[in-house]
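Please look through the structure shown here before reading on, and keep it in view as you follow the paragraphs below.

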Amino acid sequence: MGGTKYRMRDFAQYIAELLDLPEKNKKLVNLTKHSQRYAMYKVGPVLSVSHGIGVPSMTTVLQEVIKLLAYAKVKDPIIFRIGTSGGLDIPPGSVVVSSFGLNGNLGKTYDIPVLGKTRQLPSILDSRVCQEVHSLSADNDDFNTYIGGTMGADDFYIGQGRLDGPFCDYTQADKMAFLNTLKDLGVRNIEMEANAFAAYTRAAGIRAGIICVTFLNRLLGDQVTPNKTTLNEWQKRPMIVAGRYIAKYFEDIKIE
Ligand SMILES: O=P(O)(O)O[C@H]1O[C@H](CO)[C@@H](O)[C@H]1O
Ligand SMILES: O=c1cc[nH]c(=O)[nH]1
């Protein structure tokens, strides 16, 4: 899963080529084209689905995918989110493999009101998947891959401590204090779904991982400044990292 339809079509194409699947020479079909809400592609054993921006959009799609996997009797699925994010004290273009999700109140939970009462679901990710994905980073990669916590904010601007949004009633010093607190808690990047994604996949008993590229170092600014070509290139990095895990997973299954 990942935010945009285009990324998830590109990911399906990338996986078809990587796994040398028959789909690599075909035009991929968006299986949800009549719903218009999001896109879903299937290449061999991999489903590639977009989820839009933020938690409500992502959790709606995620729950539909969880139901689909159950109806299809899929055994031992693994779900990855491949996304973009703002980094904390790491060079832009780096990749972060999340070790946990953090909410906007600095708790390792996803808090959801159910029947008028808030439930707190732990935002824990599978540490083995996280370590294995990280172990597949290559020495000759032209980017660094880090393990760290990921804050899932409910907003792009004030929710991530930005100063460049339409509303802002705090200072640069307040922002830096907040970002440094996150850093001290082991958070390496900020996006908008991690804590809920971790919580719902865990609640479903499904192994999962989050792999995001960082578009900027938030300790140095708020604006995403690299040009579109660079950002498109960087968006491929989580695909490369997830692709290595997927390729190895199916290679290992063949050997068994
Ligand atoms: O690039 P994606 O996967 O959408 O992820 C990040 O980008 C969006 C904000 O621009 C949020 O969804 C955030 O989590
Ligand atoms: O800073 C960023 C960059 C991408 N996505 C986010 O949510 N935040």
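This is a predicted model: local features need pLDDT of at least 70, side-chain atom pairs count only at pLDDT 80 or more; totals for chains, interfaces and linings use all residues.

Residues are numbered from 1 along each chain as its sequence is written, while chains are lettered from A and ligands numbered from 1 in the order in which they are written.

The chain holds six helices and nine strands, where helices (H or I, at least four residues) and strands (E, at least two) are DSSP runs numbered from the N terminus. Its radius of gyration is 18 Å, close to the 18 Å that the globule rule gives for 256 residues, so the chain is as compact as a globular protein of that length; the radius is taken over C-alpha atoms, and the rule is 2.2 Å times the number of residues to the power 0.38. Along the principal axes, the C-alpha atoms fill a box of roughly 55 × 50 × 35 Å. In an unreviewed entry, UniProt places the feature "domain: Nucleoside phosphorylase" at residues 1–242, although such annotations may be inferred rather than shown by experiment, and their positions are given in the numbering used here, with feature names shortened. The end C-alpha atoms of that span lie 11 Å apart, and the span is 32% helix and 26% strand.

Of the 256 residues, 38% count as buried, a word that applies if 20 or more other C-beta atoms lie within 10 Å of a residue's own, with exposed meaning 12 or fewer, partly exposed in between, and C-beta atoms placed from the backbone. The largest nonpolar core has 55 residues, and those with the most contacts inside it are F197 and I211; such a core is a set of buried Ala, Val, Leu, Ile, Met, Phe, Trp, Tyr and Cys residues joined through C-beta atoms within 7 Å. Leaving aside neighbours within four places in sequence, F197 is in contact with M58, L62, R81, G101, A208 and I210, where contact means that the C-beta atoms, placed from the backbone, lie within 7 Å.

R81 lies in strand 3, and it counts as buried because 25 other C-beta atoms are within 10 Å. G83 is found in strand 3 and is likewise buried, with 27 other C-beta atoms within 10 Å. The UniProt annotation "binding site", from an unreviewed entry, covers R37, R81, I82, G83 and T84.

Which residues are around ligand 1? They are G2, G3, I53, G54, G83, T84, F156, E191, M192 and E193, each counted as near if its C-beta atom, placed from the backbone, lies within 6 Å. Around ligand 2 are T84, S85, G86, F156, Q160, I190, E191, M192 and F215. The elements that give two or more residues to this second shell are strand 3 (78–87) and strand 8 (187–191), and strand 3 gives the most, with three residues. By class, the shell around ligand 2 has four nonpolar, four polar and one charged residues, where Ala, Val, Leu, Ile, Met, Phe, Trp, Tyr, Cys and Pro count as nonpolar, Asp, Glu, Lys and Arg as charged, and the others, Gly among them, as polar.

Notes:
Two residues are in contact if their C-beta atoms, placed from the backbone, lie within 7 Å.
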